[in-house]
Structure formats: C-alpha cells, structure tokens
Amino acid sequence: MELLKVSVIFLLSLVTMTLAEPPGCKIRITDRGLEMLKAETKNFVEGELSNISMPEMRGAEGRFTYTIKDVKITELNLTSDLRFQPDVGLLFEVQNSSITLNFQRRILYWLFYDEGAINASAEGVNIFTVLHLSKDKAGRLKISNITCDASIAKMRARFSGTLGRVYDFIGTFLTTGMRFVLNKQICPALNHAALVLVNQLLETIPVRTEVDSYVGIDYSLLSDPVVTETSLDMDFRGMFYDLKNENETLVNYAVNPVVREYDRMVYLSLSEYFFDSGLFSYFKGGLFQTQIANERMPKDLEMLLRTTYLGTIMMLNPALMDQPLSLEIEVTAPPRSTIKTSGASVAVNAMVKVLVLPAGKPPVQLSIMTMEGKFNAKVSMKGKRLTIHLDLRRFKIYSNQSALESLALIPLQGPLKTMLQISVVPLINNYIKRGVQIPLPDGLDFIEEVVEYHNGYIIVGANLHFTTGLRELIERKLSGPTDNTV
C-alpha cells in the first residue's frame, strides 16, 4: 500500500512537470549585475533615511526641563552591502556605520534659560534587511515582504551655548532617548521604501502591454524568481497576442531556454516560441499581405510579366494588353522561425497572384502560384528594445496547376526575388526596426550586448546601465503614471 502511494505521488509530480508551461523568455541577473546596483541602492537608502522625521521631545530630569525639536539628519556614512539571499530575494546590510544629526534644544535650570543647537552622532549603526521577492496575481515581480532589524550601539552629543559645559552631564540622558527614537524610525522608513516606492518602480516593467496597433505582448512571470547565491532567475511567458482576439494564441511546444553563464551582469534568453508567437499574431492580425502595382511595380519586372503571360492575356481579352499589371502576395500560414547555432531564420509560404487592372473594372487574374521563402534573421539589442533585421536568402515559386507552368515560371524567379529584396523586405525591416521592449524597469538599459545562437533559443549577454538614478526614477513614477498595461 505504501509503495502504491509513493508511485501515485511520483506520477502526479511527473504529470505536473510535463504540463508546466515553458517560458518563452528568461532573464538572469548575476552577482556582477547586483554589484552595479549597490551604489544606487546605497544612495537610495541614504535618501530615505535622511527624510526620517522625529517628533518633538519634552521632559524633565531633576531641576532640568528640556524640549528637543527640529531634528534633522545632516550626514550619513554607511558601509553597506547588497547580495542575493538564496530562496528568498535580496539582502541589504549596513555595518558599523554612523549618522550625524542636528536638533534644537530649550533647557530651563532653576532661573537659567538656554537654547541652542545640538550636534549628535549615532555610532555603530547596523541594519539587516531582507527583501522577499515573488510574483503577484498579475504575474508582476514585486517585493512581497521585508524583514528588518536595526540597532545603534551608542550616541554622542556636543552642546553649544552659554550653559553648554554645565549640563554636559545630562547628555547621556538626552542621547539615550534620541537613540531609542531614531532606532525605531529606521525600519519603518526602509519598509516604506521597499514595499511602496521600489514596488512602484517594478510596476514600470511591462507585463501585458501593446506593442503596436496589431499585437501585444505578455511578459507575466510563470513562477516566483529562483534565487541562489550567485544569481536571480526569472521565467516569463514571453508570448505575443493578436489585439483583436487576445484568446487565440499559439501553444508553446518550444525548447526551454537554458542559461548557464554568469560572466555578464545580465542574460536574456528567448526561445523559438517567443518569435513564433509574434509571427502567428501578426498573421492572425492580417498584416502579411501586400500588393505591388503602379509606381511600386519595377518596369523591367512588369515587362517580364507581360511577356510571360502574353498568351494568357491574348486568350482572355486582347484589349487588356496595355492595362497595368499587379502582384498580390498573401502569406497563407503563420511563418515559423528556426534557431540553430549557425543563426536564426524564418520560413514563409505565400500565395502570389498575377492580375491585370483594367480601368473602371474588376481585376482579372492571370495566374496564381505558390512562393516559398527563407529569411535570415539577425537579432540585436539597443537599450531595452529587441530588434530583428531580415534578409531574403532563398526564394522559390511554382505552380500548383501543372509542372509545365512551373517550368514557365523559372525565368521569373530571379526578378521576383530582386523585387522582394528591393520593394518588400525594406518595408518589413523599416516596420520592425522599432523593436519590442524586454521586461526591464524604466531607467535601466542593456549595454555591450553579445548575441549567441543555440539550438532552439538565443541568449543575449550584456551589462547594465542606469540612465537615471534610482531615486529620480521613483520620483518620476510618483509624479505621473507610466502606461504599462497589466
């Protein structure tokens, strides 16, 4: 019985693994990338701690009555570290650091009244903060929880004013209270910084957003991030969809991208499914069709077509002889991409119609043929946008009606290929050169990119660059909405 139970559990886990949706897009941030984030994180934390507000303090000690107000943090000297916390997220740690404060005092001793500034320093400041990373219901990366522990070893005060030396002895009393209050303010400030401000920055990462007027892209996380001592790995759906029918999408049967490298700051891996879903969505959106006629028709190609179909025109109607010709090209099935170690390519099947365009009358079809094309695809990155450049390499046309007609089409092969290279391919490349944004937050870009081709997927290794400081990015997010549809 026990053996049967173990077998059932094993089979259920195997089925679950089989049914798990593979990612179309993966991102790995390495410890080298985290090293680049340390300075920005430190500056951001210092800014948040500098904004700590402390309440006015009143009290008495013997014959002394005091008031402390206008507490301001004037300087922070933090020795900090940022690293991965395995299976959890990120660890930000401050050790043996100092905070300098300035505040106003009012002290009454018998009939003597004095006021002035106090410069104090908190020494031996230690902060231990763990950020728990997960995906939310919308598939967005977020900080789901924060664990914080802060301590101040000691606090010193330097008095000024007429009675400065007289009541130095109550400095211990005042600084003990100040140390207690300051210590209680550190973790709430960091909690707000992480759970509110940083999460608002993470909201700028596109999850489900429009690419253009035809398609959108889904970058929702498929699972919680996987965190080790050296990296943070995220699996995204990486799927395009037709804006007119968002539920009609391509099923992912592609190879699961594998990232093994750690040398660069960040790695982006995209499977064939990422590209195929885009081709599928554009096909469903009706984008893959065009007409070559009038000024777009090269004169030498028109003359060749007229010579090739002279007999057909004469049989149909000799009056059509001087009428303009047209080529209609329509892709008949979603194009498919292939990625190998030698590079990437896209295979396209299309139907080509040769038509006569008599003035004021419906077009007259002369011929219909099948076209097979193969494009080399060069993938590149600029900033945070992925772009593709296509180059027509193989081209073939043939007739579905007879082998004899296919032989007659051979003279058209070269001119048609040239026409596509001159008239159609540049239009496609011009349209797709804008590229598509990858799932990175605002203000963070790829630099020094290197693209590697593997069997079934590509890997883009790069370094990271902040185009804008972390604090400025968050302030910009607070001041105005960013259009990233969930």
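## A bridge to start from

In strand β22, Y457 is the bridge partner of S271. Helices (H or I, at least four residues) and strands (E, at least two) are DSSP runs, numbered from the N terminus. Before going further, please note that this is a predicted model, in which local features need pLDDT of at least 70 and side-chain atom pairs count only at pLDDT 80 or more, while totals for chains, interfaces and linings use all residues. Residues are numbered from 1 along each chain as its sequence is written, and side-chain values use heavy atoms, with hydrogens and water left out.

## The sheet around β13

Strands β13 (residues 266-271) and β22 (residues 457-466) run antiparallel and are joined by six bridges. Another of these pairs S269 with I459 of β22. Strand β1 (residues 25-30) is also antiparallel to β13, with five bridges between them; here I29 stands opposite V266. These strands belong to an open, antiparallel sheet of six, in the order β10-β11-β1-β13-β22-β21. Its edges are β10 (226-227) and β21 (444-454), each pairing on one side only. Two strands count as paired if DSSP finds at least two bridges between them.

How many of the residues of β13 are buried? Six of six are, where buried means under 20% relative accessible area, exposed means over 50%, and partly exposed lies in between (1.4 Å probe, protein chains only). In a regular strand the side chains alternate between the two faces of the sheet. In β13, V266, L268 and L270 are on one side and Y267, S269 and S271 on the other, and both faces are covered.

## The nonpolar core

The largest nonpolar core has 122 residues, and L49, L327 and F446 have the most contacts inside it. Such a core is a set of buried Ala, Val, Leu, Ile, Met, Phe, Trp, Tyr and Cys residues joined through side-chain atoms within 4.5 Å. Helix α3 (residues 171-202) gives the most to this core, with 12 residues.

## The largest pocket

About 1100 Å³ of space lies in the largest pocket. Its lining has 42 residues, and those closest to the centre are L279, F288, L390, I428 and I432. On a 1 Å grid over the protein atoms alone, a pocket is an open set of points with protein on both sides within 12 Å along at least five of seven lines, a cavity is a set where a 1.4 Å probe fits but cannot get out, and lining residues have an atom within 4 Å of a point. Grid points are joined across faces, edges and corners, and a volume is the space filled by probe spheres set on the points.

Helix α8 gives the most to the pocket lining, with seven residues. By class, the lining has 32 nonpolar, seven polar and three charged residues. Ala, Val, Leu, Ile, Met, Phe, Trp, Tyr, Cys and Pro count as nonpolar, Asp, Glu, Lys and Arg as charged, and the others, Gly among them, as polar.

## Enclosed cavities

There are three cavities of 30 Å³ or more. The largest cavity holds about 750 Å³ of space, and of its 38 lining residues L37, T41, L90, V198 and L202 are closest to the centre. Its lining has 33 nonpolar, three polar and two charged residues.

The second largest cavity holds about 40 Å³. Among the residues lining it are R140, L202, Y219 and F236.
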